[in-house]
Amino acid sequence: MTKNLNRRQFIWFGSAALGTSLMLKACSSNQTTPTATTTTAAGGTSGFKIAIALPGIITDKAWNQSGYEGVTLAKQKLNAEIAYVEKVAQADQTEVLTDFARKGYNLIFAHGGQFDAAIEQIAPQFPQTFFVGVNGNLKAENIASLRIDHLQASYLCGIIGASMTKSNKLAYIAGEKFPATEGELRGFELGAKSVKPNIQVTSTFTGDWNDVAKAKEATLAIISSGADVIYQWLDNASAVVLQTASEKGVYAFGNTNDQLDIAPKAVLTSAVKRLNLAIAYLADLSHKKQIKGQIYTIGLERADILFLGKFGEIVPEVVQQQVLNAKDDIVEKKIIFTDCQEAGKDTRCVKKVAE
């Protein structure tokens, strides 16, 4: 049995196929730390324990669900015990990570770059625990970061966006501004400008990955400004961006999952990021004691993890082929992204390597 719980509740899953018993103890209103107990039937787990802290809900069909599915996959492959807490607010991050570490979890994933400060604070206190910041920017003896190369995928979407726009105004909308979203924005801009050098690309950060009202308000404002192609990276609020774009007759991109079916008249394609596979990969490294304190970056070379989803019927075949050719060029390092002197926090530029 699986329940959808808030940050003050834990679910512990044993790995035994049958006969696993589960006992859950929810925190009372005057407690400040999530607590729970679990027992595992005969046949038990491997003794390897994995936890994940999630900023949103595990049913968002986007970022948080992919994180949850990652530890679930690791559970199946490694016979591990797993736990999660969802809807972890910024103010509660250190509390949740500390509680996981105190309960003896070997590997703790913090699912979002917004957890970096909390990881940096907590990890030195628990040297026997390994922390992974998904979309993070940290590395240390017991800290790694797992990144999807968002810039590569958004570069391809930028090519499509520039090919489809009529107003020559594109927009990017995300929940928060940090290195991963800045990289994605930069890639979108570089891809668009490779087609139309003078195209305009604006950005909006709502401050909340899941607030549907804020997302819709921001989307309407973007459309009112003249943008007719929107690249969004939100979680539970992503669907409203795509649906609003469809209602207003503009185009948009899905993110994390293939989201074409949400708004088939508007979605051009999706930047699909199989974070579940990436998380399970790092869990396997940790289980084998091969994980290192480094930044693991996964790009288009791993076609099972990062790829474009289904193209909308509105995308011409010639544009689809152009993008697939660009994808091959990135994988074959005929197109590379390098630092340049342009203003902005993410200063990467495109360099095309002659054959």
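**First stop: the end of α7**

Select Gly-249: just after α7, this glycine takes a positive phi of about 75°. Helices here are DSSP runs of H or I with at least four residues, strands are E runs of at least two, and both are numbered from the N terminus. Before going on, note that this is a predicted model, where local features need pLDDT of at least 70, side-chain atom pairs count only at pLDDT 80 or more, and totals for chains, interfaces and linings use all residues. Residues are numbered from 1 along each chain as its sequence is written, and side-chain values use heavy atoms, with hydrogens and water left out.

Now step back into helix α7, residues 238-248, where Ser-238, Val-240, Val-241, Leu-242, Thr-244 and Ala-245 are buried. Buried means under 20% relative accessible area, exposed over 50%, and partly exposed in between, with a 1.4 Å probe and protein chains only. What covers them? The cover includes β7, α6 (212-224), β9 (229-233), β10 (251-256) and β11 (267-273). Contact means heavy atoms within 4.5 Å.

**Zoom out**

Show the whole chain: 9 helices and 15 strands. Of its 355 residues, 55% count as buried. Among contacts with a separation of 6 or more, 66% come from residues 24 or more positions apart.

**Next: α4 and its partners**

Select 150-164 for α4. This helix has 15 residues and reaches 21 Å from its first C-alpha to its last, close to the 21 Å expected at 1.5 Å a residue; the expected span is 1.5 Å times one less than the number of residues. α4 is mostly covered, with 14 of its 15 residues buried.

How do α4 and α9 pack? Their axes are 10 Å apart, at an angle of about 155°, so the two are roughly antiparallel. Axes are lines fitted to C-alpha atoms, for helices over the stretch in contact, and angles run from 0 to 180 degrees between N-to-C directions. Under 35 degrees counts as roughly parallel, over 145 as roughly antiparallel, 65 to 115 as roughly perpendicular, and the rest as oblique.

The axes of α4 and α5 come within 6 Å and cross at roughly 40°, which means α4 is oblique to α5.

Pick Gly-299, in the loop between β12 (295-298) and β13 (306-308). Gly-299 is buried at 3% relative accessible area, and leaving aside neighbours within four places in sequence, it is in contact with Asp-149, Gln-152 and Leu-306.

Then select Asn-135, in the loop between β5 (130-134) and β6 (143-148). Its phi is near 70°, a positive value in a residue other than glycine, and Asn-135 counts as buried at 5% relative accessibility.

Finish at Asn-168, in the loop between α4 and β7 (169-174). Asn-168 has a positive phi too, near 60°. Is this residue buried or partly exposed? Asn-168 is partly exposed, with a relative accessible area of 33%.
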